Amino acid sequence: MASSNRTFDLAVIGCGIVGAACARAGTRAGLRTIIVEGSLAGGGATAAGMGHIVVMDGSEAQLALTLYSRRLWQQLIPELPEAAEYRSCGTLWIAEHEAELELARRKQAKLAGQGVACEILDARQLMEAEPCLRPGLAGALRVPDDGVLYPPIAAQWLWQQAQNAGAVMRSGAIVTRIQEQAIHVAGGDRIQAGAIIVAAGSQGAELIPEIPLRPRKGHLLITDRYPGFLRHQVVELGYLQRAHAGTESSVSFNLQPRATGQVLIGSSRQYSHDRAVEPDVLSRMLARAQSYVPRLGDLRGLRAWTGFRAATPDDLPCIGPLPNRPHIFAALGHEGLGITTSLGTAELLLAQMLGAEAPIPAGPFQPARFFIETSPAGHA
Amino acid sequence: MPETFTVFINGQPVTAGPETSVAALLLRERMVNRRSCAGQLRAAFCGMGICMECRVTIDSDAHGLGCMTFCRPNMKITTL
C-alpha cells in the first residue's frame with residue numbers, strides 16, 4: 001500500500017470515536033489518511049453515549065475485544081487532556097439477591113481467569129463502597145480498573161493525534177456511494193484511496209447494505225452537580241440479560257459519576273428510528289434506577305436525550321474486510337461498546353489491512369458472517 | 001407562623017420573616033450564594049426562578065432555588 005500512487009492510502013468514513021481511532025492508527029502506520037465526515041465530528045452516537053470504559057463478558061470475543069481495548073485506553077491515560085475527564089472509578093456490578101451473587105462469583109472467576117483485577121463485595125462492603133445504594137442488596141463484583149471518560153473530547157483528541165501526524169479531514173461531505181478504492185461524495189466529487197474504512201455508525205448500513213445494522217435507541221438523563229453522591233459506575237448484574245432480552249423495550253439500572261459531580265442515569269434499549277425522548281420509557285428507566293438508589297429522586301435532572309447504538313444480530317461489531325470487496329473495511333456495529341472498543345477496533349482493523357499479526361482473534365468480527373454466499377464454488 | 005424567626009446561614013443565626021425569600025435574605029446580608037463551575041461568585045439575578053443563578057443549599061437540597069423559596073423557622077442555608 002505504501003507504494004500506491006493514489007492520493008490517499010486510507011480514507012475513513014465517519015469521524016466518531018471509532019473513525020477517529022482508525023485515522024489515528026492509520027497515520028501511526030505511516031498511511032496517508034483522509035477522514036470524511038458528513039456532519040459534526042464526534043456528534044453522533046459518540047456524543048450520545050455514557051463513556052464507560054468497561055470489560056464486558058457477553059461472549060468470548062466481546063471479552064477479548066473489550067479487555068484489549070481497555071488496556072489500550074490505560075496506556076493513553078497519561079496523554080489524554082483533562083477535558084476528556086478520564087476517571088478510574090471502577091465498575092460495581094450489583095447483585096440484588098443471593099442468586100445474583102452466585103452469578104457475580106462466576107463472573108469474577110471468569111474475569112480473573114483473564115487476568116482482570118476484580119473482587120466480590122458482600123452486603124456490608126457494598127454499603128461502604130457505595131453508600132447511596134439501598135440496604136438489602138446481596139453484594140457486588142467490583143472491577144476497579146474500569147473507568148469513565150467524556151467521549152466527544154476523547155474522539156476529538158484522537159482525531160487531533162491523526163491530524164498532527166498528517167491526516168486531513170473533508171467535513172460536511174455526505175458519502176453517497178463507495179467503490180473499490182473510491183468514495184463518491186454528494187455533489188459529484190470523488191476521493192481516491194487505496195483502502196476505505198466505513199465507520200459511519202448506524203448510517204453505515206446505507207453504504208454496506210449486506211451488514212444488517214439496526215439502530216437501537218437509548219435514553220439518558222443527567223443531573224445537576226452533587227459531588228460525592230456516587231463513586232463508581234454502578235450497573236445491575238442482570239444488565240446484559242435485560243439489555244438484550246429482545247423485548248420491545250427494556251430498561252436497566254446503570255449510573256455513572258461524572259467528573260463534575262453530575263450523575264448520568266441510564267439506560268434503555270429499543271429498536272427505533274424516532275429521536276424523541278419518550279416519557280414512558282424515561283420514567284420506567286428512572287423508576288428502575290430509583291429502586292436501587294432511593295435518594296435519586298431528590299436530585300435535580302437537567303436534561304434527557306436519546307442516541308442510537310448500531311446493533312448487529314449477534315451483538316458483535318464488524319471489524320474486517322468485506323468478502324466481495326477486499327479493499328473496503330467495516331468498523332461498524334459496536335452497539336453500546338463503541339467508546340471502549342474504538343481503540344481495539346482500530347488496531348485489529350489495521351493489522352488485517354497491513355497483513356500484520358492480529359492482537360486478538362479477528363475471526364468472530366468478520367463482516368463475511370453476514371454476507372450470503374453467492375457463488376456455488378466450494379460446495380462439495 | 002411567627003412574624004419573625006431564626007434561620008441559619010452557614011451556621012450563623014439570622015432573623016427572617018415568612019415573606020422573605022432566601023435570595024432576598026442573602027442579598028440583605030450581602031452574601032453570595034455559590035460559585036460557578038469556573039469558580040466565579042454567583043447571586044440572584046432574575047429573581048423569578050428562570051436563570052438558576054441563585055441556587056444555594058437549603059437544608060438537604062444542594063441546588064435550592066433561593067428566589068423561589070421562602071424562609072422557614074430553623075432553615076439551614078449553606079452558601080458557596
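This is a predicted model: local features need pLDDT of at least 70, side-chain atom pairs count only at pLDDT 80 or more; totals for chains, interfaces and linings use all residues.
Helix H3 of chain A, residues 60-76, packs against helix H10 of chain A, residues 338-354, at an angle of about 95°, and their axes are 7 Å apart. The two helices, H3(A) and H10(A), are therefore roughly perpendicular to each other. On the H3(A) side the contact is made by Leu65(A), Thr66(A), Tyr68(A), Ser69(A), Arg70(A), Leu72(A) and Trp73(A). H10(A) brings Thr340(A), Thr341(A), Leu343(A), Gly344(A) and Glu347(A). Sorted by class, this contact of H3(A) with H10(A) has 5 nonpolar, 5 polar and 2 charged residues.

In chain A, 8 strands form an open sheet with mixed pairing, in the order S5-S6-S4-S13-S14-S15-S12-S16. Which strands stand at the edges? They are S5, 119-122, and S16, 301-311, of chain A; each has a single partner strand, so one side of each is left without a neighbour in the sheet. On average, and with direction ignored, neighbouring strands of this sheet are turned by 25° against each other.

Within the sheet, look at S4(A), residues 91-95, and S6(A), residues 139-143: the two pair in the antiparallel sense over 5 bridges. Leu92(A) stands opposite Arg142(A) in S6(A). Helix H4 of chain A, residues 98-113, lies across S4, S5 and S6 of chain A and runs at about 20° to S6(A). Helix H9 of chain A, residues 279-292, also packs on the sheet, where the strands of chain A that H9 touches are S4, S12, S13, S14, S15 and S16. The direction of H9 makes about 55° with that of S14(A).

Now helix H1 of chain A, residues 17-28. At 1.5 Å a residue its 12 residues should span 16 Å, and the end C-alpha atoms are 16 Å apart, which agrees. Is H1(A) enclosed or open? Of its 12 residues, 11 are buried, so H1(A) is largely enclosed by the rest of the structure. Among the buried residues are Ile17(A), Cys22(A) and Arg24(A). Just after H1(A), Gly30(A) takes a positive phi of about 85°.

Leaving aside neighbours within four places in sequence, Trp157(A) is in contact with Leu80(A), Pro81(A) and Ala84(A). From Trp157(A) to Ala21(A) is 136 residues in sequence and 9.5 Å in space, C-alpha to C-alpha. Ala21(A) is one of the buried residues of H1(A).

Conventions: Residues are numbered from 1 along each chain as its sequence is written. Chains are lettered from A and ligands numbered from 1 in the order in which they are written. Helices (H or I, at least four residues) and strands (E, at least two) are DSSP runs, numbered from the N terminus. The expected span of a helix is 1.5 Å times one less than its number of residues. A residue is buried if 20 or more other C-beta atoms lie within 10 Å of its own, exposed if 12 or fewer, and partly exposed in between; C-beta atoms are placed from the backbone. Axes are lines fitted to C-alpha atoms, for helices over the stretch in contact, and angles run from 0 to 180 degrees between N-to-C directions. Angles under 35 degrees count as roughly parallel, over 145 as roughly antiparallel, 65 to 115 as roughly perpendicular and the rest as oblique. Two residues are in contact if their C-beta atoms, placed from the backbone, lie within 7 Å. Ala, Val, Leu, Ile, Met, Phe, Trp, Tyr, Cys and Pro count as nonpolar, Asp, Glu, Lys and Arg as charged, and the others, Gly among them, as polar. Two strands pair if DSSP finds at least two bridges between them.
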